[in-house]
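User: I'm new to this one and would like a careful walk through it. Could you show it to me and start with the terms I'll need?

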Amino acid sequence: MRLLLVEDDPMIGASVQKGLRQDGFTVDWVRDGQAAELALGSESYDLLLLDLGLPKKSGLDLLHTLRTRGNVIPVLILTARDAVADRVKGLDSGADDYLVKPFDLDELAARIRALLRRRAGRADPVIRHRELVLNPATHEASFAGTPLVLSAREFALLEALLDRPGAILSRAQLEERIYGWGEEIESNAVEVYIHSLRRKLGADFIKNVRGVGYRVPKG
């Protein structure tokens with residue numbers, strides 16, 4: 001899953017980005033509200049991590065702009081403002097969750113997974129599709145009851161496809177979901193991962209829609 005982190009503190013930003021990447025997320029990081037607005041207008045993200053005290057455009061102003069435009073991206077506020085009134089204002093402005101600094105990275109990752117489940121309409125923290133089981137919290141997988149070894153990219157690609165079974169995702173869309181800014185992408189990377197997954201899950205698990213992209217048929 002691809003996240004946008006908006007944080008002007010370099011130490012906090014670097015720490016959060018590194019920790020979430022180690023937890024399997026793709027994380028792009030910007031340091032002010034205007035840069036965040038530009039990124040959200042040009043890239044596709046699954047969730048926004050938003051500080052409030054930002055230069056150029058405040059977090060609340062950015063949030064108001066997003067919701068006014070009808071952008072429904074899940075938003076998790078990360079801020080040092082711990083007063084109840086600040087939390088209420090953030091949530092009433094359109095945020096989906098609110099976490100006060102300093103926070104534990106494990107709790108942050110758990111809250112992100114909860115918001116992504118809610119967005120996908122799932123109550124179960126484990127993703128199940130036919131004989132495949134994925135656990136985003138532990139990055140464990142099994143197929144037909146047998147443990148399945150997946151690379152981080154393979155896991156992320158499957159998560160993207162299973163986010164909306166039946167929907168077609170183009171190669172570019174899949175690249176956006178599993179690669180962040182500055183990461184080198186080989187021209188046939190998605191095809192290589194798809195080929196590897198088909199060997200592990202069966203040739204028919206992931207369908208190729210010629211000239212359009214890939215999909216996992218609905219269960």
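Analyst: Two strands are said to pair if DSSP finds at least two bridges between them. Strands (E, at least two residues) and helices (H or I, at least four residues) are DSSP runs, numbered from the N terminus. This is a predicted model, in which local features need pLDDT of at least 70 and side-chain atom pairs count only at pLDDT 80 or more, while totals for chains, interfaces and linings use all residues. Residues are numbered from 1 along each chain as its sequence is written, and side-chain values use heavy atoms, with hydrogens and water left out.

User: Okay, then which residue of β3 is the bridge partner of Val6?

Analyst: The partner of Val6 in β3 is Leu50. Strand β1 (residues 2–6) and strand β3 (residues 47–50) run parallel and are joined by 4 bridges.

User: In what order do the strands of that sheet come?

Analyst: The order is β2-β1-β3-β4-β5, an open sheet of 5 strands with parallel pairing. β2 (26–30) and β5 (97–100) each have a single partner strand, so one side of each is left without a neighbour in the sheet. Neighbouring strands are turned by 20° against each other on average, direction ignored.

User: Which helix packs on it, touching β3 and β4?

Analyst: Helix α3 (residues 59–68) does, touching β3 and β4 (75–79), and its direction makes about 155° with that of β3. Here contact means heavy atoms within 4.5 Å, and axes are lines fitted to C-alpha atoms, for helices over the stretch in contact, with angles running from 0 to 180 degrees between N-to-C directions.

User: What about the sheet with β6 in it, how do its strands pair?

Analyst: That open sheet has 4 strands in the order β6-β7-β8-β9, and the pairing is antiparallel. Its edge strands are β6 (127–129) and β9 (146–148), each pairing on one side only. Between β6 and strand β7 (residues 132–135) there are 3 bridges, and Arg128 has Val133 as its bridge partner in β7. Helix α6 packs on this sheet, touching β6, β7 and β8 (140–143), with its direction at about 110° to that of β7.

User: At what angle do α6 and α8 cross?

Analyst: The axes of α6 (residues 152–163) and α8 (residues 189–201) come within 10 Å and cross at roughly 85°. The two helices are therefore roughly perpendicular to each other, a label for angles of 65 to 115 degrees, whereas those under 35 count as roughly parallel, over 145 as roughly antiparallel and the rest as oblique. Among the residues making the contact are Leu157, Leu158 and Leu161 of α6 and Tyr193, Ile194 and Leu197 of α8.

User: And how many residues are in the largest nonpolar core?

Analyst: The largest nonpolar core has 28 residues, and Leu157, Leu158 and Leu161 are among those with the most contacts inside it. Such a core is a set of buried Ala, Val, Leu, Ile, Met, Phe, Trp, Tyr and Cys residues joined through side-chain atoms within 4.5 Å; buried means under 20% relative accessible area, exposed over 50% and partly exposed in between, with a 1.4 Å probe and protein chains only. The largest share, 7 residues, comes from α6.

User: Changing topic, is Arg113 buried or exposed?

Analyst: Arg113, found in helix α5 (residues 105–120), counts as buried because its relative accessibility is 15%. Leaving aside neighbours within four places in sequence, Arg113 is in contact with Asp23, Phe25, Pro136 and Ala137.
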